[in-house]
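Biologist: Could you take me through this structure slowly, and tell me each time what a term rests on?

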Amino acid sequence: MRIGTFVLAAQFPGQGPGEALHRAVRSAEAAEESGLDSVWLAEHHFVPYGVCPSATTLAALLLGRTRRIRVGTAVSVLPNHHPVALGEQAALLHLTSGGRFSLGVGRGGPWVDLEVFGGGLDAYENGFPEALELLLDWLREPRVAGSGERFGFREVAVVPRADELLDGAAGAAGTSGPELIVACTSPKSVRLAAGRALPMLLGMHCGDEEKAEMVALWRTAAREAGHPPEVVEGAAHVSAGVAQIADGPGDAKETLVKTMPGWLRQGLDAHVTVDARHRVMRDPVAYTELLCALHPVGPPKLAADRLAATAERTGITRFALLVEGSGDLAATEENVRRLGADVLPLLT
């Protein structure tokens with residue numbers, strides 16, 4: 001079982017972005033100190049839901065401040081980036097960290113980001129497969145040309161090559177370059193990832209049954225694409241969730257129900273669509289209660305049992321857990337410490 005943290009750099013009501021980012025950095029340092037496996041960093045733009053606009057930049061800082069823990073993006077929003085630029089950043093972080101970087105990418109949403117960064121709605125609705133393919137080429141080939149509808153350029157050398165680690169360290173999946181993982185929220189994205197044998201990141205809004213169905217679909221699609229059994233069965237998917245540890249049976253849930261709805265209300269409501277399409281925001285209290293019911297929120301034994309149940313039902317043994325739900329720095333650090341000291345030993 002590999003337990004990591006999921007860092008949004010969430011800006012709670014009454015806080016500034018600097019406070020949110022400081023808590024994010026400290027929680028990552030605490031994750032390494034507590035023996036956790038990984039830290040996963042989210043990218044958001046123009047909203048207090050998360051105030052980290054560049055997950056790769058924050059990953060670079062954290063890789064420099066740590067020595068053991070894996071640091072990944074969950075995710076870098078591919079329609080907002082040129083795949084070659086993102087591939088160069090991934091190669092740089094992979095090489096300079098000794099293979100501790102994972103690049104998670106996703107399609108994002110139909111937000112105003114697409115207008116600001118110039119990708120446009122088509123990059124979100126239709127362009128993700130082309131961008132992903134170009135990114136894969138950049139991470140795997142010595143020379144690459146852009147020959148798609150959106151990205152067209154002459155063949156150029158890949159410098160630096162992501163597979164040229166001096167000590168021979170490999171990515172998490174055993175490859176010579178950085179691990180690449182894809183956020184999946186629909187059957188279409190599951191099949192896209194499976195066709196390329198890329199592991200999935202599954203969101204914290206999903207329960208075990210839905211995640212199990214997506215893993216089953218991924219395996220079927222991967223087999224149909226001709227990938228060998230060891231690749232299909234060995235895919236290291238990641239399950240996102242929420243973790244809050246407390247001794248009393250209702251104390252952890254009470255903490256989150258007091259704090260998370262205010263953050264969710266102001267954070268989710270701040271999203272603006274690029275094309276004025278209608279969107280319905282989740283009820284913040286009901287969503288918080290759902291997350292508490294789905295994930296390791298409660299005493300250490302309950303938390304460990306929920307993680308073990310998810311692993312048994314889905315086959316997923318890697319977790320990215322949101323630990324900053326209290327909105328408080330000291331409480332977040334203590335939450336991370338208890339994950340490592342009180343929950344992790346129950347899973348080994």
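**Salt bridges and what they join**

Modeller: Let us start with R2 and D37, which form a salt bridge whose closest N and O atoms are 3.6 Å apart. R2 lies in strand β1 (residues 2–7) and D37 in the loop between α1 (17–33) and β2, so the pair ties together parts that are 35 residues apart in sequence. Please keep in mind that this is a predicted model, in which local features need pLDDT of at least 70 and side-chain atom pairs count only at pLDDT 80 or more, while totals for chains, interfaces and linings use all residues. Residues are numbered from 1 along each chain as its sequence is written, and side-chain values use heavy atoms, with hydrogens and water left out.

Biologist: Why is the pair R2 and D37 called a salt bridge?

Modeller: The term asks for a side-chain nitrogen of Lys or Arg within 4 Å of a carboxyl oxygen of Asp or Glu. The closest N and O atoms of R2 and D37 are 3.6 Å apart, so the pair meets that limit.

Biologist: What makes R2 partly exposed?

Modeller: Buried means under 20% relative accessible area, exposed means over 50%, and partly exposed is in between (1.4 Å probe, protein chains only). R2 has 30% relative accessibility, so R2 counts as partly exposed, and D37, at 22%, also counts as partly exposed.

Biologist: How many salt bridges does the structure hold, and which residues are linked in a network of them?

Modeller: The structure holds 19 salt bridges, and R26, E29, E33, R65 and E333 are linked in a network. Another salt bridge is formed by E209 and R313, with the closest N and O atoms 2.7 Å apart. This pair links distant parts of the chain, with E209 in helix α8 (residues 208–224) and R313 in helix α12 (residues 300–314), 104 residues apart. Helices here are DSSP runs of H or I with at least four residues, and strands are runs of E with at least two, numbered from the N terminus.

Biologist: Is R161 buried or exposed, and how do you know?

Modeller: R161 has 19% relative accessibility, and therefore counts as buried. R161 lies in the loop between β7 (152–157) and β8 (179–183), and a polar contact of 2.6 Å joins the side chains of R161 and D163. A polar contact is a pair of N or O atoms within 3.5 Å; within protein, one must be able to donate a hydrogen and the other to accept it, and residues adjacent in sequence count only if both atoms are side-chain atoms. Leaving aside its neighbours within four places in sequence, R161 is in contact (heavy atoms within 4.5 Å) with L95, R140, E141 and P142.
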